[in-house]
Amino acid sequence: QLQLVESGGGLVQPGGSLRLSCAASRFTLGYYAIGWFRQAPGKEREGVSCISSSDGSTYYTDSVKGRFTISRDNAKNTVYLQMNSLKPEDTAVYYCAVARISTVQYMCNMPRLSVNYWGQGTQVTVSP
């Protein structure tokens, strides 16, 4: 069975950093666009950042631009989300996901229509 396993979440103070990882097993990430999504309590799941499978183009939601960086290492079958200058409003469960799609903005904005597989999520809490 195909799997995406997130790691790297935790508790961090405002202004701190975390790096999330998403490792794929039993399939090759290189064929897919990859995205990071998050869901805070009482809110809908939102696309944070997505990266294409072909040209490495990226998309970031406005609230994380300049603070978060998505990257992929196809050799390690892993995708990363480097999160800097974290804020309390970044607190959420973070999920990685993959899609056989070329438009990363569409993937991030329309996950219900585009995502093929989801990871199980990792909690990120930003608090003093």
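Strands β9 and β10 (residues 117-118) pair in the antiparallel sense over two bridges. Two strands count as paired when DSSP finds at least two bridges between them. Strands (E, at least two residues) are DSSP runs, numbered from the N terminus.

This is a predicted model; local features need pLDDT of at least 70, and side-chain atom pairs count only at pLDDT 80 or more. Residues are numbered from 1 along each chain as its sequence is written.

**Strand β9**

| Strands | Bridges | Example partners |
|---|---|---|
| β9 and β10 | two bridges | Val 98 and Tyr 117 |

Seven of the eight residues of β9 (residues 92-99) are buried, so the strand is largely enclosed by the rest of the structure. Buried means under 20% relative accessible area, with a 1.4 Å probe and protein chains only.

**The four-stranded sheet**

An open sheet of four strands runs in the order β1-β3-β8-β7, with antiparallel pairing. Its edge strands are β1 (3-7) and β7 (68-73), each pairing on one side only. Neighbouring strands of this sheet are turned by 15° against each other on average, direction ignored. Axes are lines fitted to C-alpha atoms, and angles run from 0 to 180 degrees between N-to-C directions.

β7 pairs with β8 (residues 78-83) in the antiparallel sense over six bridges. Here Ser 71 has Tyr 80 of β8 as its bridge partner.

Terms used. Heavy atoms only, no water. Buried < 20%, exposed > 50% of the residue type's maximum accessible area, 1.4 Å probe, protein only.
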